[in-house]
Amino acid sequence: MIAPRLAARDLACRRGERLLFRGLSLDLAGGQTLHVTGSNGVGKSSLIRILAGLLRPYAGEVTREGSTALLDQTLALDEHLPLGRTLGFWGHLDGVLPEQDLARLGLANLLDVPVRYLSTGQRKRAALARLLGQRAQVWLLDEPLNGLDRDAVTMVEALVTDHVEQGGLALIASHQPITLPDLQVLPLHDFAPPEHTL
Amino acid sequence: MSTFATLLLRDLAQFLPGARRGNTLLPLLFFLAVAMLYPFAVGPNPNLLAATGGGVIWVAALLAAILPLDRLLAPDLENGFFDQWALRGIAEEVVIAVRLIAHWLSFGPFLMLAALPASALLGIDGDTLRTVELGLLAGTPGLAAIGIIIAAVTVGLKGGGAALSGLLVIPLAVPLLIFGAGSLALGGEGGVALTGAISLVLVAIAPFAGGAAIRAAREG
């Protein structure tokens, strides 16, 4: 198992005619957590997608070592299927999620419920179950606290803490405050061009 | 279970007739409805029906293959499935190839079955029916391949994508129709062989064209 690393050099992102940020560099190793802050539209989600290799940066380059997992606003779960079956699909690809993890996420009683009947918070927790099952070393979390109640926020913070303690690496983009030990903060506003148009 | 089998099982559960509360049955019913309406429209002259019936089956098959296109790839892109597969190192080409198999299985064999009652409705004789069935066997994989390429190219379009993909499929399907339906007039198997050749080329291209289109759509 290689040591996880996530590095970016001189990244710039352009969406349509707008330059969202430029000159962004970062370097994270296992055991580190970075919180990318900024208001809506500043480019947090685009940064996550660039780091995940799903979007080409306008300039700069990304180095990613180790398996990578992404949690964003899409669930990647089949809406019409019971939660247990659609998680089972990812279980076949990633390996089955242990019972205690499902219990920890509060999903143990919801496995027979079709995904479309789940509430906002339950959907987010279902996506977290998919993330945990992947056992990836690099976690890219885009607004992981959206729609969660206070207990669930504490639970997510504990999950990330555990992940980082086991040598993982986490990058969290969120406009909400998050409490984690040794949390580094990257305000994305600092990298926005002075004039917001090209 | 291998990645390929896992993906194929999920796709079959989604696309085989009867899945998604029966929505997937609609193309087959549509196919039979066309075969049923045609005698009403042109009149009950048996000679005319027998002479044109094989061609009607082909046109109905083409239209039935267009119906599921808007559900073929777009939901998986919107729900983030393609992102998650990419992060796991599963190539878009593999996903599209699996989807192509599932799409063909969901309408090809069933259209060939439905062609039996359709041929009775149209008064087609046994020899012609045999040519139609052989032609469908050779041609429907090509129709599925065209469908999946078009579905991938139009995947990012919001609204109106279904009608547009239908319009885009029709010109690409002309060679298949010419040789597939044309083999009926000649009564030979040369047309069927050419249909099969076109199908094979399309099936070979589809995963790569579709994969590139999905990656382009993700950038958008």
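So, how many residues of chain A are in contact with how many residues of chain B? It's 15 from chain A and 15 from chain B. Keep in mind that this is a predicted model.

Looking at the side of chain A that touches chain B, β5 (68-71) and α2 (83-94) of chain A each supply at least two residues. By class, that side of chain A splits into nine nonpolar, four polar and two charged residues.

Okay, on to a helix pair inside chain B. Helix α2 of chain B covers residues 26-42, helix α6 of chain B covers residues 92-122, and they pack at an angle of about 20° with their axes 9 Å apart. Angles under 35 degrees count as roughly parallel, so α2(B) and α6(B) are roughly parallel to each other. The crossing of α2(B) past α6(B) is right-handed.

Who meets whom there? From α2(B) you've got P27(B), L28(B), F31(B), L32(B), A35(B), M36(B), Y38(B) and P39(B), and they meet F107(B), F110(B), L111(B), A114(B), P117(B), A118(B), L121(B) and L122(B) from α6(B).

The largest nonpolar core has 113 residues, and the ones touching the most other members are L140(A), A61(B), I148(B) and A152(B). And here α6(B) comes back: the largest share of this core, 13 residues, comes from that helix.

Let's zoom in on A152(B). Setting aside neighbours within four places in sequence, A152(B) is in contact with L73(B), I96(B), G210(B), A213(B) and I214(B).

Methods: Residues numbered from 1 in each chain as written. Chains lettered and ligands numbered in written order. Predicted model: local features only at pLDDT ≥ 70, side-chain atom pairs only at ≥ 80, totals over all residues. Axes fitted to C-alpha atoms, helices over the stretch in contact; angles between N-to-C directions. Helix = DSSP H or I, 4+ residues; strand = E, 2+ residues; numbered from the N terminus. Parallel < 35°, antiparallel > 145°, perpendicular 65-115°, else oblique. Left-handed = near helix turned anticlockwise from the far one by under 90°. Contact = placed C-beta atoms within 7 Å. Core = buried A, V, L, I, M, F, W, Y, C linked by C-beta atoms within 7 Å. Buried ≥ 20, exposed ≤ 12 C-beta atoms within 10 Å, placed from the backbone. Nonpolar A, V, L, I, M, F, W, Y, C, P; charged D, E, K, R; others polar.
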